[in-house]
Amino acid sequence: MPSQLKRLIPLFILFIGLFLVIRHFLIPESFGQYGHYRGNSLQENASRETVYADKEDCYACHDDILEKLNNEMHAGLSCLICHGPGQTHVDDPQLGNINKESGREFCGRCHDINAARSIDVVFQVDIKTHHTEKTNCIECHNPHDLWEGME
Amino acid sequence: MKASAAAAGTIILSSVTRPFSMLLIASDPPPEEGPWWGIGIDITKCIGCGLCARGCKMENSVPDEPFYFRTWVEQYTILNNGEVKIESPNGGIDGFTQSVPDEEIFKTFFVPKMCNHCEKSPCTQVCPVGATYESPEGISLVDQTYCIGCGYCVQACPYGCRYLHPEKKVVDKCTLCYHRLEKGLVPVCMEVCPSKARIYGNLKDRDSELVQFLREHDYQVLKPHLNTGSKLFYNALTAEVS
């Protein structure tokens, strides 16, 4: 082996060593634990707070409403659909800060007549012409008991 | 001597390249243990209420501006003259009103869109720092503390499911509500879907709701020619949808 190459060998080893040392400090902890990413990131993603409550928590207090609902067209619908996120209400029920949707606009999201909506899936009315003398749907329809007090 | 040197060299080399193995193998097979999540969307059941898109924004604090979405709904209207009209006012978060009179419509339907959680995700392959990855459960996630916000993955996603968060300056996307799944809760878009048009399930479990859905419907994925290994299966998907 030529002598000039021999002199380069320690230099090469030094550079490779230096590379490995620098790399060691640059790679974050738990990187490569499961794959080419930080393993701790999985727990970080999983530990985020929920905003939407667990619907089982609703049933724990409001089982009477659940029973009513399950005898209805709206049976099986989650409370969170109309009443919004609700985690703050579950944490502190005194706040009572859940949505109580009542108007044409909200009910119309599902029930306004639209050619793209299957009539087999959802009952539809034209919210612009349906009983215009009333403002809110809940004046006649109780969402938990739709035909309550009607003929 | 030579053989042992070669063996030692291989061991050293593999120890150095181990964290980069994702570059060598484009996709890891699903792990033996644990769930392997997939999604099913039934277009015939979607009524376009947009509560999924609205709920997702609230649960995941997605910015309100109408171009940041983790999930959104599109209305496809195929007119009698063959023209295809695609609408998504505000991503559907305020619901839809019919804009074309009945007489002109040949066919119309809603298509909810979200991350496909691909098995061979184009987005995770292009990340230069390893800040986005597929979790052992098959969910494509972002490590927001490690992301440098270069936006390569936003470009790489063929489904447009990623965006740059305007305040955090990093990439944000659907996590299939990973924080809820790990607590045993249902992802918000599926929880608030009144017609059960969106479902999720364990693809490894023969009895799961999703596998049952796949068994009973003629399902299709978006852009199958890209071979992304999408795990979002649509029932009644037509050729107009991309």
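In β4(B), the bridge partner of B:Ile78 is B:Lys107, and B:Leu79 has its bridge partner in B:Ile105 of β4(B). The model that holds these pairs is predicted, so local features need pLDDT of at least 70 and side-chain atom pairs count only at pLDDT 80 or more, whereas totals for chains, interfaces and linings use all residues. Residues are numbered from 1 along each chain as its sequence is written, while chains are lettered from A and ligands numbered from 1 in the order in which they are written.

β2(B) and β4(B) pair in the antiparallel sense over 9 bridges; two strands count as paired if DSSP finds at least two bridges between them. Strands of a sheet pair through backbone hydrogen bonds, either parallel or antiparallel. The sheet here is open and has 3 strands in the order β3-β2-β4 (chain B), with antiparallel pairing. β3 (84–87) and β4 of chain B stand at the edges, and each has a single partner strand, so one side of each lacks a neighbour in the sheet. On average, neighbouring strands of this sheet are turned by 20° against each other, direction ignored. α3(B) packs on the sheet and touches β2 and β4 of chain B. The direction of α3(B) makes about 160° with that of β2(B). For such angles, axes are lines fitted to C-alpha atoms, for helices over the stretch in contact, and the values run from 0 to 180 degrees between N-to-C directions.

Chain B has 8 helices and 11 strands. Its C-alpha atoms fill a box of roughly 85 × 40 × 40 Å, taken along the principal axes. Of the 242 residues in chain B, 42% are buried. A residue is buried if 20 or more other C-beta atoms lie within 10 Å of its own, exposed if 12 or fewer, and partly exposed in between, with C-beta atoms placed from the backbone. Two residues are in contact if their C-beta atoms, placed from the backbone, lie within 7 Å. Among the contacts in chain B with a separation of 6 or more, 61% are between residues 24 or more positions apart.

The helix on the sheet can be taken next. In α3(B), 8 of the 9 residues are buried, so the helix is largely enclosed by the rest of the structure. The buried residues include B:Leu51, B:Cys52, B:Ala53 and B:Arg54. They pack against α5 (79–83) and α7 (104–111) of chain A together with β2 (71–79), β4, α7 and β9 (198–202) of chain B. After α3(B) comes B:Ser61, whose phi is positive, near 40°. β4(B) has 7 of its 10 residues buried, so this strand too is largely enclosed by the rest of the structure.

The contact between the chains takes 45 residues from chain B and 34 residues from chain A. On the side of chain B that touches chain A, the elements giving two or more residues are α2 (21–24), α3 (51–59), β4 (105–114), α6 (178–181) and α7 (188–191) of chain B. By class, this side has 20 nonpolar, 15 polar and 10 charged residues. Ala, Val, Leu, Ile, Met, Phe, Trp, Tyr, Cys and Pro count as nonpolar, Asp, Glu, Lys and Arg as charged, and the others, Gly among them, as polar.

The largest nonpolar core has 64 residues, and those with the most contacts inside it include B:Cys52, B:Ala53 and B:Cys189. A nonpolar core is a set of buried Ala, Val, Leu, Ile, Met, Phe, Trp, Tyr and Cys residues joined through C-beta atoms within 7 Å. B:Cys189 touches residues including B:Cys52, B:Gly55, B:Cys56 and B:Met114, not counting residues up to four places away in sequence.

Two loops remain. Most residues other than glycine have a negative phi. B:His117, in the loop between β4 and α4 (122–126) of chain B, has a positive phi near 45°. B:His117 counts as buried because it has 28 C-beta neighbours inside 10 Å. B:Lys223, in the loop between β10 and β11 of chain B, also has a positive phi near 45°, but B:Lys223 is partly exposed, with 13 other C-beta atoms within 10 Å. B:Ser230 is found in the loop between β10 (219–220) and β11 (232–235) of chain B, and B:Ser230 is buried, with 24 other C-beta atoms within 10 Å. B:Ser230 and B:Asn116 are 114 residues apart in sequence and 5.3 Å apart in space, C-alpha to C-alpha.

Note on methods. Helices (H or I, at least four residues) and strands (E, at least two) are DSSP runs, numbered from the N terminus.
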